[in-house]
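Subject: Structure handover

Hi,

Here is the structure I promised to pass on. Please open it and keep it beside this email as you read.

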Amino acid sequence: MSQKPGSRQGSFTSRPPPPPPPVIPPPPGTPPEPRSNPPPLPTGASAAPPLVPRRRESLDTNNTTAGQGSGPLNDRPLTGSPNISSRSAFRSVSSNCASVQSTSTSMTSPPPSYIAGSVGGVGSSSPATRPASAFSTLPTSSPSLPSRPNTNTPESMSSQPSLKARGEDAATLTRTMELRPNLNLVPKNQESHSVDSRREDLRGSCLYEAKSLTQDAFKVLHEFYQSGQLCDLELKVGEKVFKCHRVVLACVSKYFRAMFTSEMAESKQNRVTIQDIDEYAMELLIKFAYTGKVLITVNNVQPMLYAASILQVEAVAIASSDFMKTHMHPTNCIGIRQFAEAHGRSELIKMADKFIQDNFQDVVEVEEFVSMTTEHLELIIASPNIFVESEIQAYEAVMKWLMHDLEHRKQYLARLMAHVKFPLLPASYLMGKVEQEPMMKKDLDCRDYIDEAKHYQLFLSGVYPTVKLSERLRPRKSCAGVMFCVGGRGGTGDPFKSIECYDLRNNRWLTISEMTTKRRHVGVVSVDGLLYSIGGHDGNEHLNSCEVFDPVTNKWKAIASMATYRRGIAVASLNGPIYVVGGLDDSTCFNQVERYDIQSDSWSFVAPMNTPRGGVGVGALKNMLYAVGGNDGTTSLDTCERYDPHVNRWTFVASMKKRRAGAGVAVLDGYLFVVGGFDDNSPQDSVERYDPVTNTWEVLTVMSRPRGGVGVAALGGKIYAVGGHDGTNYLNSVEAFDPISNSWDSAAGVQSGRAGAGVTVVDCLIHSIRKQDKLHLSSTAGKL
């Protein structure tokens, strides 16, 4: 591209500068008047350019000459200014001239690098010969600053000694430029229109913050309050009058803010009367408004929470609620809940309900229990989280509440009994106590509940083939039992002897006493509240040893050993005795079955299976023992067989839809569930359910991931799949299957990822287990 005379290579096409305005000289002897614009120049003199900072390195005496810049920015047009480092200029102005308003140059909006960038060296062309760039215009005036004599005219410049003559170098010139207060750092139109320029401008700013100002100011306001100075309001509460400041109360209380900033009559009154607020609580809240501090005690917390709720002092209301949470007791929890409900404290309501659920038996025994509202009692009884050891306690709690005022409360009988799980009552109690209750006999809905319970009991005994599923068939979490995860192995390959148990109410796993022996591919079963761990592999050899765990004493003890050393066994209890089925060692898959007699602590063989099965799954259902899948030493199996202890014989039943070994098996609602496993070496995510009445298998919703060597058990009406191996990793995740919704949901994971663990549910209470990681409950809670 051809260059115009005087233009610089690489610059934008520029236009000629506008002609200078006519110069009218002042009369002789007239002193110059202060003006915002610079004084006119003599005829023929060129205007001194405004100072625009440029990069410091361009002042190096070894720099390139004009039109031969050393960097990409040096090829861009200037506004005709001397070259000053933009960074140093910004720092200088920030520290020395933060408040000075400088003259600005009107420019279009280039990128930020153009704002204070220089494109020429020290030897660049003079302002008189340099063409105006597209970014430059005439300097704008600054009305707030008086004009100064123009020392940049050719005459004045020529009269000044040169840098060399004065003995100054480029660095000295740079410092001198930086200290000038009238630097034109950012063009005016950049300040108005460019976000980037505004950010750039902030670099030349300094934000000062007096961090203690607010605190100091409120200290002074508190002193004014104490001395009664500058008070513009009198608050009358009961017999007391408090002199205070409207603005302080409005800052802390939304109630007063609305009062004083609206057209209410109180906004113009010097004295305001507050009704139904405790005087002492009001005094504490006023002091809190000035100091941010308040002393909450057992004696003042209720009036404090009431006043803070009414006056909308949310910080004090939350603090009072938290104080109540820590001082809750069976004797006051219902009153606190009613108080919280009256004042809309939702978090306190939830905390009170949880406390009542956790301490249900103690709450039922106090006087306050019978004062519960119908709605509140229904909410508590309907919850699966109330802590009861038996459904009998829930039934008797409802009866106690009804009998306190039978005449008025009998209308709520069916409504409340709908949440009692009658099918889970012991048959003897159901028939001898509940069915004989006159109120129950007279109410048709209650008679239906009793009939449902009878039907379920007959279903469990095998008389009825099916039962309709409902939430009344699901036990409450506290009395559903405790699930144990025993042994197995993880990523190191070394077997575990650690044990974890699952707290269903709080969805967490707890560590308890370890076994005496490491065991992987171990068989476990629960009988009469005890946990049996049988066989497996300890990392060196196959085991025939057995041990039993008592959750009450938190101790393991050895029992008689099996006759066969094996791992990958399946264990189940059928009508008392324990059966150990199948398994394998390093060379053989077994079809052998041994039976353990608990009373005599002895083992005996029963009829073997028709097929050897290592990694087999077993479940006891309707007085029969079912063995499903496994591996016969060659391939994974889909075949299943059933053992009848009365005839001591195994017979084949319908085969599964998929082959699987190392699957988990559980029994629930009269069905046999088979979960995961390996098809040869491929882990499975599929789930099947067997109906013994129709002798058919049904495919259910798959798990979230494949699980081979998974531990499975039924707990609280759901099927839990614990750990396993997905083909790549040992898993610590746990998921639960709900047969009613045919869906899986995640649950808390075990602490150690493991496969080949034994999983079973023991009929005990979680709080009866002496945990290694004990939960320390505070015993210092006061009573309100």
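Below is what turned up, from the whole chain down to single residues.

First, some ground rules. This is a predicted model: local features need pLDDT of at least 70, side-chain atom pairs count only at pLDDT 80 or more, and totals for chains, interfaces and linings use all residues. Residues are numbered from 1 along each chain as its sequence is written, and side-chain values use heavy atoms, with hydrogens and water left out.

**The whole chain**

The protein chain has 22 helices and 31 strands. Both are DSSP runs numbered from the N terminus: helices are H or I with at least four residues, strands are E with at least two. Of its 784 residues, 46% are buried. Buried means under 20% relative accessible area, exposed means over 50%, and partly exposed lies in between (1.4 Å probe, protein chains only). The accessible surface is about 39,100 Å², and carbon and sulfur atoms hold 52% of that. Those areas come from the Shrake-Rupley method with a 1.4 Å probe; for residues, only the protein chains shown count as cover.

Now contacts, meaning heavy atoms within 4.5 Å. Take those between residues at least 6 apart in sequence: 62% join residues at least 24 apart.

**Salt bridges**

Side chains of opposite charge can pair when their charged atoms come close. A salt bridge here is a side-chain nitrogen of Lys or Arg within 4 Å of a carboxyl oxygen of Asp or Glu. The whole structure has 28 of them.

Start with Asp322 and Lys325, which meet at 3.4 Å, N to O. They sit about one helical turn apart, because three residues separate them in helix α12 (residues 314–326). Asp322 is partly exposed at 35%. Lys325 is partly exposed too, at 22%.

Next, Arg337 and Glu341 meet at 3.1 Å, N to O. These two are four residues apart in helix α13 (residues 333–342), so about one helical turn lies between them. Arg337 is buried at 8%, while Glu341 is partly exposed at 48%.

Then look at Arg567 and Asp586, at 3.7 Å, N to O. This pair links distant parts of the chain, 19 residues apart. Arg567 is in the loop between β12 (555–559) and β13 (570–573), and Asp586 is in the loop between β14 (578–581) and β15 (593–597). Is each end buried or exposed? Arg567 is buried at 16%. Asp586 is exposed at 69%.

Salt bridges can also share partners: Lys240, Glu283 and Lys287 form one network that way.

**A four-stranded sheet**

Four strands make an open, antiparallel sheet in the order β8-β7-β6-β31. Two strands pair if DSSP finds at least two bridges between them. β8 (508–512) and β31 (758–762) are the edges; each has a single partner strand, so one side of each has no neighbour in the sheet.

**One buried arginine**

Last, find Arg707 in the loop between β26 (696–700) and β27 (711–715). Arg707 is buried, at 1% relative accessibility. Its side chain reaches the backbone oxygen of Gly723 at 2.9 Å. Leaving out residues up to four places away in sequence, Arg707 touches several others, including Pro683, His725, Leu731 and Glu735.

Best wishes

Conventions. A polar contact is a pair of N or O atoms within 3.5 Å; within protein, one must be able to donate a hydrogen and the other to accept it, and residues adjacent in sequence count only if both atoms are side-chain atoms.
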